[in-house]
Amino acid sequence: MDEKNSKKYEAFYSAEGKGIMLWLDLAFWVSLLSSTLRLSTPLTFAALGGFFSERSGVVNIALEGLMLIGAFAAAWGNLYFQSSVAGVLCGILAAMLVASLHAVACVKFKADQIVSGMAINIFAFGLAPMLSKALFGTRGSSPQILSEIHMQTWNIPLLEKIPFFGDVLSHHIPLVYLAIVFVFMTHLWSKKSALGLHHRAVGDHPEAADSLGIKVNRFRIVSVLCSGVLCGLAGAFLSIGHGSGFARNMTSGRGYIALTAMIFGKWKPIPTFFACLLFGFTDALQIRMQGTPLPGLGEIPPQFVQLLPYVVTMVVLAGFIGSSQAPKALGIPYIKE
Amino acid sequence: MLKSLHLFLSLCMLGLLACEKKQSEIENKEKSSQAQQSESTTFKVGLVFDKAGADDKSFNESASRGAKQAQEELGIELKTIEPPDDSAYELSNERFASRGYDLVISVGFIQEEAVQKVAARHPETKFAIIDTTVNLPNVASLMFEEHQGSFLVGMIAAMKSKTATVGFVGGMDIPLIRRFAIAYEAGAKHANPDVKVLTNYAGVTIEAFSDPTKGKELASSQIAQGADVIFAAAGSTGLGVFDAVAEKNIFGIGVDSNQNWIKPGNILTSMLKRVDVAVYETIKEAMNGNFEGGVKRFSLEDKGIDYAIDQYNKDLINQETIDQLEKTKKQIISGELKVPDYYVISKNS
């Protein structure tokens with residue numbers, strides 16, 4: 001083998017070797033999986049919000065806007081009250097307030113639910129910078145939240161001792177755990193409790209529910225408000241949980257991804273959660289695959305790697321949507337006869 | 001039920017009517033004020049931001065600062081627009097041009113097409129666009145030699161790094177940001193040939209410049225791979241990068257505006273792109289009748305590009321480093337040292 005060729009092979013094998021090494025490296029997997037958890041948390045909250053609203057029969061594409069308002073209000077609350085708990089509560093309250101607009105428009109006035117949702121997204125997109133200008137004097141981003149008043153990460157006592165899992169699952173902020181708890185609570189509530197049954201009845205057969213004495217419209221309004229609460233949590237995670245301040249348009253389309261995850265999860269909490277984890281995972285993987293060689297393939301151009309989350313969305317939607325089961329009365333206002 | 005709907009709708013209509021009346025009042029007022037202004041000779045400047053908005057703590061904010069300085073010192077009349085979406089750029093530029101503004105300044109490469117169209121329609125109006133070129137006689141294209149500054153901060157990063165690993169987090173994956181990335185890597189390797197440079201981009205859409213959540217995850221992944229200095233050329237996505245470096249108590253490098261103050265003690269320096277100077281100078285020239293169309297370049301030589309040393313970071317960078325940087329700066333200005341330029345490389349390949 002001449003010198004030129006041997007150099008080429010050496011370069012090839014070292015890149016290849018590095019690629020394989022990386023995939024066997026435990027630290028790589030710890031960082032990948034804990035990043036997956038963090039990235040899927042806002043999606044999980046928002047998608048659960050979508051679940052509450054849509055299972056009761058109200059289409060909610062306003063998740064994005066509700067999240068943005070939640071993110072802004074949480075940052076303001078954290079700065080104003082100097083406490084992250086107050087921040088989270090402010091985020092919840094503000095998102096719930098805006099969600100009430102959607103509830104009133106869709107349930108009380110029978111407005112087109114897609115149009116109302118879109119209107120709220122546009123409204124939120126303008127409102128957040130406007131309030132930011134009024135309260136912080138800048139339209140772009142809020143002041144930074146200093147670490148003294150920032151939400152602290154939790155170390156789970158026993159769990160953190162377990163080698164691999166402890167590193168992945170411990171040292172997150174409380175909101176990450178809250179999201180997981182909410183998923184299972186919602187699942188149990190929806191499946192086992194009478195209210196959960198009513199919730200599904202209202203979305204599937206409002207007439208039947210009504211004849212059983214369930215107040216359909218009141219139920220729907222409360223469900224949309226619940227989705228506001230969850231979107232507020234999602235927003236709070238972005239601005240004061242994971243980040244340390246509000247930045248303009250910081251949701252960056254996560255509300256729509258959450259909606260996709262909920263549809264992919266067939267309007268059920270646990271499958272929706274796994275869909276969120278999948279989207280979080282592809283995003284985390286995409287981040288780590290940029291510029292890292294893959295075994296057998298070498299380095300993949302970054303443009304292709306960045307396509308990954310979108311490709312997964314397309315494949316997932318094209319492959320699974322056929323068998324998805326939307327609530328039967330989704331998008332249809334209930335008019336009592 | 002129907003009754004209340006009617007009530008609601010009629011209230012809405014009433015509201016609309018009231019608005020309309022106000023609108024016409026405003027327009028009348030505007031007309032009269034315009035008439036007044038055409039009598040006086042106030043120089044009118046319109047500034048169109050890109051989607052990140054005027055207060056992005058970075059690129060747009062710098063342009064805004066320059067225009068405000070001109071407003072205070074030169075007594076111009078300044079109006080600004082923040083277009084809400086991509087389709088509004090042309091409209092915003094058109095609005096200024098058709099209302100008789102003397103100079104319209106458009107911030108950001110994304111407005112290239114809009115300015116191209118509007119400037120062709122209004123040959124009597126002067127235009128300036130930042131970060132891209134529009135080939136019309138009434139358009140001044142303000143270009144920055146970002147690669148020179150990136151090279152210098154790359155050197156700072158490599159000299160500060162204890163792990164011999166430095167990171168780069170870019171916003172949207174576009175030639176402009178690659179220009180930063182390539183020169184940063186070259187600068188780091190110039191200071192320390194064995195340094196490892198990790199490069200990541202936040203995305204392929206304009207949202208990649210406003211996603212601090214993604215920025216923090218990108219930075220965390222680089223930190224997990226050993227990076228201890230990370231350069232963020234990513235708009236407000238960079239705020240997330242600074243969060244990550246502050247949590248681990250390592251270093252970030254800011255971009256465009258001086259960002260040293262955002263996380264004092266954890267921001268090593270900022271690569272300054274003096275958009276404010278370019279905007280101010282362009283307004284001044286246009287006001288004095290010295291406006292010239294064509295490409296204008298701002299570089300290390302005229303301090304249009306620089307690195308920031310202030311009270312927040314003066315203890316982080318030692319004199320030895322500064323001496324070496326100044327030496328390299330002179331070499332770049334004199335042409336002795338060639339910094340790789342992505343614009344040139346991509347054209348040739």
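1. Is His171(A) buried, partly exposed or exposed? This is a predicted model, and in it His171(A) has a relative accessibility of 36%. Buried means under 20% and exposed means over 50%, so His171(A) counts as partly exposed. The residue sits in the loop between α6 (163–169) and α7 (174–192) of chain A. Its phi is positive, about 60 degrees, although His171(A) is not a glycine. Most residues other than glycine have a negative phi.

2. Ser252(A) is another non-glycine residue with a positive phi, here about 45 degrees. Look for Ser252(A) in the loop between α10 and α11 (254–264) of chain A. Its relative accessibility is 19%. The cut-off for buried is under 20%, so Ser252(A) counts as buried.

3. Now the largest pocket. Its space comes to about 1,000 Å³. The lining has 39 residues, and the closest to the pocket centre are Thr153(A), Lys216(B), Ala244(B), Glu247(B) and Lys248(B). Elements of both chains give two or more residues to this lining: α2 (26–55) and α10 (216–242) of chain A, with α7 (212–224) and α8 (237–247) of chain B. Helix α7(B) gives the most, with six residues. By class, the pocket lining has 16 polar, 13 nonpolar and 10 charged residues.

4. How many of the 11 residues of α8(B) are buried? Nine are, and the helix is mostly covered. The buried residues are Thr237(B), Gly238(B), Leu239(B), Gly240(B), Val241(B), Phe242(B), Asp243(B), Ala244(B) and Val245(B). Ala244(B) is also one of the residues closest to the centre of the largest pocket. After the helix comes Asn249(B), with a positive phi near 55 degrees.

5. Next, the cavities. A search of the whole structure finds three of 30 Å³ or more. In chain B, α2 (59–74), α6 and β9 (251–256) each give two or more residues to the lining. Helix α6(B) gives the most, with three residues. The cavity lining has 12 nonpolar, seven polar and eight charged residues.

6. What does helix α6(B) look like along its length? The helix covers residues 175–191 of chain B, 17 residues in total. From first C-alpha to last it reaches 24 Å, close to the 24 Å expected at 1.5 Å a residue. The buried residues of α6(B) include Leu176(B), Ile177(B), Phe180(B), Tyr184(B) and Gly187(B). Two arginines, Arg178(B) and Arg179(B), are also buried. Several alanines are buried in α6(B) too, among them Ala181(B), Ala183(B), Ala186(B) and Ala188(B).

7. Two strands of chain B go with this helix. Strand β6 (residues 165–172) and β7(B) pair in the parallel sense over seven bridges. Val166(B) stands opposite Val197(B) in β7(B). The chain runs from β6(B) through α6(B) to β7(B), a β-α-β crossover that is right-handed. Why is β7(B), residues 196–203, largely enclosed by the rest of the structure? Six of its eight residues are buried.

8. Asp256(B) lies in strand β9 of chain B. The relative accessible area of Asp256(B) is 10%. With the cut-off for buried at under 20%, Asp256(B) is therefore buried. Asp256(B) and Glu301(B) are 45 residues apart in sequence, and their C-alpha atoms are 17 Å apart in space.

9. Last, Asp302(B). This residue lies in the loop between β11 (294–298) and β12 (305–307) of chain B. With a relative accessible area of 39%, Asp302(B) is partly exposed. Ile333(B) is 31 residues away from Asp302(B) in sequence. In space, the two are 9.7 Å apart, C-alpha to C-alpha.

How values were computed:
Residues numbered from 1 in each chain as written. Chains lettered and ligands numbered in written order. Predicted model: local features only at pLDDT ≥ 70, side-chain atom pairs only at ≥ 80, totals over all residues. Heavy atoms only, no water. 1 Å grid on protein atoms, 1.4 Å probe; cavity = no way out; pocket = protein on both sides within 12 Å on 5 of 7 lines; lining within 4 Å. Points joined across faces, edges and corners; volume = space filled by probe spheres on them. Helix = DSSP H or I, 4+ residues; strand = E, 2+ residues; numbered from the N terminus. Nonpolar A, V, L, I, M, F, W, Y, C, P; charged D, E, K, R; others polar. Buried < 20%, exposed > 50% of the residue type's maximum accessible area, 1.4 Å probe, protein only. Expected span 1.5 Å × (residues − 1). Pairing = 2+ DSSP bridges. Right-handed = clockwise from strand over helix to strand, strands pointing away.
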